[in-house]
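Hi,

Here is the model I promised to pass on. Have a look at it first, and my notes follow below.

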Amino acid sequence: MARPFTPKVITANDLLEGDVIYFMADNSWTRDLAQAELIEDEAEAQLRLLEAEKQNIRIVGAYLADAKAGPNGPEPVHFREDFRRKGPSNYSHGKQEAEAHV
Amino acid sequence: MYKYNAFDAAFLAERNAQFRAQVERRIDGSLTEDEFKPLRLMNGVYLQLHAYMLRVAIPYGTLNSAQMRALALLAEKWDKGYGHFTTRQNIQYNWPKLNDIPDMLDALGEVGLHAIQTSGNTIRNTTADHFAGAAADELTDPRPYAELIRQWSTDHPEFQFLGRKFKIGITGSPNDRAVVKAHDVGLRMVEQNGEIGFEVIVGGGLGRTPMVGKVIRDFLPQADLLPYLEAVLSVYNVLGRRDNKYKARIKITVQENGIEKIRDLVDARFTERQREFDGTDQALLAEIKTHFTPPALRTGSTDAYQAAYDADPVFRAWADTNLAEHRDSAHAIVTVSIKAHGATPGDASAEQMRTMADLAEELGYDELRISHQQNVILPHVHKSDLPALHARLKEQGLATANIGLISDIIACPGMDYCALATARSIPVAQEIASRFDDLKLEHDIGHLQIKISGCINACGHHHVAHIGILGLDRAGVENYQITLGGDATETAAIGTRTGPGFAYDEIVPAVERLIEAYLTLRSDAEETFLETYRRLGMEPFKTALYPEAQKKVA
C-alpha cells in the first residue's frame with residue numbers, strides 16, 4: 001500500500017527581505033502560515049509548486065513543506081518549519097517583531 | 001595595522017560596484033537565483049532561515065576603532081542593532097535586506113573591510129592568534145604573514161573554484177590559541193638555529209569527519225610561505241575529490257592518499273612554484289610589516305591597578321579571569337566577554353561596539369581583536385588604566401568575569417538562524433550559562449570549555465571542547481549528543497562521544513550531572529575538568545550521565 005501523503009504548504013523566502021513566505025490559493029504570497037493553502041493531494045502539490053515557481057523573480061527557493069490542518073489554518077509538522085514560522089528564540093525579531101507592531 | 005593603498009581601495013570599490021550591479025540584475029529579473037547565488041556567496045551574502053545574512057571578514061581578527069564603529073553603524077542602520085561575532089573571526093548580520101547590502105559593503109570599504117571570500121569554495125579569512133602582537137609567549141607577530149596570505153588569496157584565479165572551502169590558521173606562539181590543528185592548513189611559527197619559520201600542518205578540520213592536522217613540514221623558511229602554500233593548494237586542487245561534497249576537504253585527500261604521498265607531491269610542486277616567485281612577495285611582505293610596527297607602549301606606575309585589585313573584589317574577580325600576560329609587564333591583554341550570563345554568545349549591540357571602540361582609542365592604542373571564542377580583545381592596556389576601563393565596561397554590560405569558565409561558551413547560530421542547522425544552539429548556551437550563574441559554582445569549577453554546534457558541520461567547534469554538545473534532528477525532535485575530552489590547544493584532541501543523546505529539556509541537567517561528578521572526582525581544586533577526565537577516563541562521567549543504565553546493570 002502506498003504511504004499516505006502528508007499534506008503540504010508551499011514556502012519560500014521573499015527576494016528583497018528574505019522573510020519566510022507561504023503560497024496562497026489565489027497565487028499570491030503571505031507571511032502567515034495560517035493563511036497558506038494546505039495541499040492534500042500529491043499530484044496537485046507538484047502542480048502548485050510549478051505555479052509558485054513562476055514567480056521566481058520575486059521569491060527564492062520555493063519548496064513543499066509538511067503541514068497539518070489546525071483550527072486556524074495550516075500548522076507546521078517539523079520543528080524547523082515551526083522556527084521558520086515564528087522567528088528566532090533568542091530575540092523577538094522577525095515575525096514576532098512584526099506581530100508586536102500590529 | 002594594515003592600511004589599504006590606492007590599489008586595494010580601487011579593487012574593493014570596483015568589486016562592490018560589480019556586486020551592486022549584480023543585485024540590481026537579480027531584482028529586475030535579468031539574473032535567476034541559480035545565476036545569482038554563486039555571485040552573492042562570493043561576497044558573503046547567504047540566505048538563512050528568516051532573512052539574508054551578511055558575513056564580514058575581520059582579517060586575522062584585527063580591528064581599529066574606526067572599523068569597529070563602522071561595524072556598529074551597519075548594525076544600527078541596516079540591521080537590528082547588533083552583530084554576531086563568529087568562531088572564525090567574522091561578524092555576521094542576521095537581518096539585512098538584499099537591496100541594502102551594496103550600501104553596507106560600501107560603508108565597510110571606507111574603513112578597509114570587506115566580505116569577499118567569506119563563503120564559497122575559496123580560501124577563506126585567515127584566522128590568527130587573537131593575542132597576536134601582544135602575547136608574552138609570542139616568537140613574532142604572525143599578522144603580516146596573514147595579511148600577505150589575504151592579499152595573495154583574494155581573487156587568486158587558480159583558487160576561486162576549489163573542490164571545497166579552504167581555511168588557514170596561523171599562530172606566532174607555542175601555546176596555540178588559534179586552533180591551527182583544526183584548519184586545512186595550520187601555520188605555527190617555530191625557531192630553528194636562531195631563525196624563525198613555520199611548522200606547516202595540513203589536513204585538520206572538524207565537521208562530519210573531525211581530524212587533527214598532520215605536520216607536513218617541520219620547518220619552512222619564512223620566505224617560502226607563498227610558494228609552499230601554492231604547492232599545497234595545487235596538489236589539493238588536482239587530487240581533492242569533487243565527486244562527493246562530504247569527501248572534498250583536504251583532510252580527506254590527506255587521509256586517502258597518506259601524508260607521505262602528499263608531502264612528496266607538495267615538495268615536487270614547491271620546487272616548480274618557487275622558481276616562479278621573483279621576490280615581489282618578499283618586497284610586499286616588507287612593506288606590510290611596516291604597518292604592524294608595535295605601538296610605543298607608555299611607561300608609568302601600575303600602583304593604581306594594584307590598589308584597585310586589593311580593594312575591589314568585583315574588579316579582582318574580573319582581573320583574575322579576563323586578563324592575560326602581556327609581553328610588557330606594565331601592560332595587560334584584556335578580554336572583553338561578549339558572554340553575559342543568559343545572553344547570546346558572540347552578540348554585541350551597536351552601543352557596546354562603540355564603547356569598545358572608544359576604549360580602544362582612549363586606552364588601548366587603537367587596537368581591537370576578535371577571538372574565535374567570540375570575545376573581543378583589547379590587546380594593549382596599561383595596567384593603571386584597568387580600573388577605569390573596567391568601570392566603563394560595567395556600564396555597558398561588558399564586564400562579565402567569565403573568560404575560560406563554564407559560561408564562556410562557543411555556540412554557533414544554530415536553528416535560530418542557520419539554514420543548515422539541525423537543532424538550536426543559542427538557547428542551550430543561554431540556559432547553561434544562567435544555570436551555573438544561579439548555582440554560583442562557576443569560579444569553583446574553574447577552567448572549562450563548553451562548545452555547542454547545531455549541526456554536524458561543527459561551526460561551534462564541539463569536537464575540541466572539554467564538553468562538546470552537538471544538536472541533531474532525531475525523528476523530528478531536537479536531540480543533543482555529548483562529547484568529552486576534546487582539546488583546542490597545541491595538544492589538540494577530538495572528544496569522545498559519551499553515548500545516547502539527550503532531549504532539549506534534558507541537556508542542561510545532563511551537563512549539571514557531569515559537573516557534579518567532576519567536582520566530586522577531582523583530586524583537588526586545582527585539577528581542571530579536562531585533567532580529571534584524562535586521569536579517570538570516560539566511565540565515571542558516563543555513570544553520572546546515564547544513571548538509569550547503571551541501575552539496570554546493577
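**What I found**

Let's start with a turn: Ala475(B) takes a positive phi near 55° in the hairpin of S18(B) and S19(B), which has 2 residues between the strands. Before going on, bear in mind that this is a predicted model, where local features need pLDDT of at least 70, side-chain atom pairs count only at pLDDT 80 or more, and totals for chains, interfaces and linings use all residues. Residues are numbered from 1 along each chain as its sequence is written, while chains are lettered from A and ligands numbered from 1 in the order in which they are written.

S18 (residues 467-474) and S19 (residues 477-484) of chain B run antiparallel and are joined by 8 bridges, with Ile469(B) opposite Ile482(B). S18(B) also pairs with S17 (residues 450-453) of chain B, this time in the parallel sense over 4 bridges; there, Ile450(B) has Ile467(B) as its bridge partner. (Strands are DSSP E runs of at least two residues and helices H or I runs of at least four, numbered from the N terminus; two strands pair if DSSP finds at least two bridges between them.)

Chain B also has an open sheet of 5 strands with mixed pairing, in the order S6-S7-S8-S9-S10. S6 (127-128) and S10 (214-221) of chain B are at the edges with a single partner strand each, so one side of each has no neighbour in the sheet. Within the sheet, S8 (residues 185-192) and S9 (residues 195-202) of chain B pair antiparallel over 8 bridges, and Leu187(B) stands opposite Val200(B). Helix H8 (residues 259-276) of chain B lies across S9 and S10, at about 30° to S10(B) (axes are lines fitted to C-alpha atoms, for helices over the stretch in contact, with angles from 0 to 180 degrees between N-to-C directions).

Next, H11 (residues 313-322) of chain B: its buried residues are Phe315(B), Trp318(B), Ala319(B), Thr321(B) and Asn322(B) (buried means 20 or more other C-beta atoms within 10 Å of the residue's own, placed from the backbone). They pack against H10 (303-311), S11 (323-325), S12 (331-336) and H13 (386-395) of chain B.

Finally, the contact between the chains takes 21 residues from chain A and 24 residues from chain B (contact means C-beta atoms, placed from the backbone, within 7 Å). On the chain A side, H2 (residues 79-86) gives the most, with 4 residues.

Cheers

Definitions and conventions. Buried ≥ 20, exposed ≤ 12 C-beta atoms within 10 Å, placed from the backbone. Contact = placed C-beta atoms within 7 Å.
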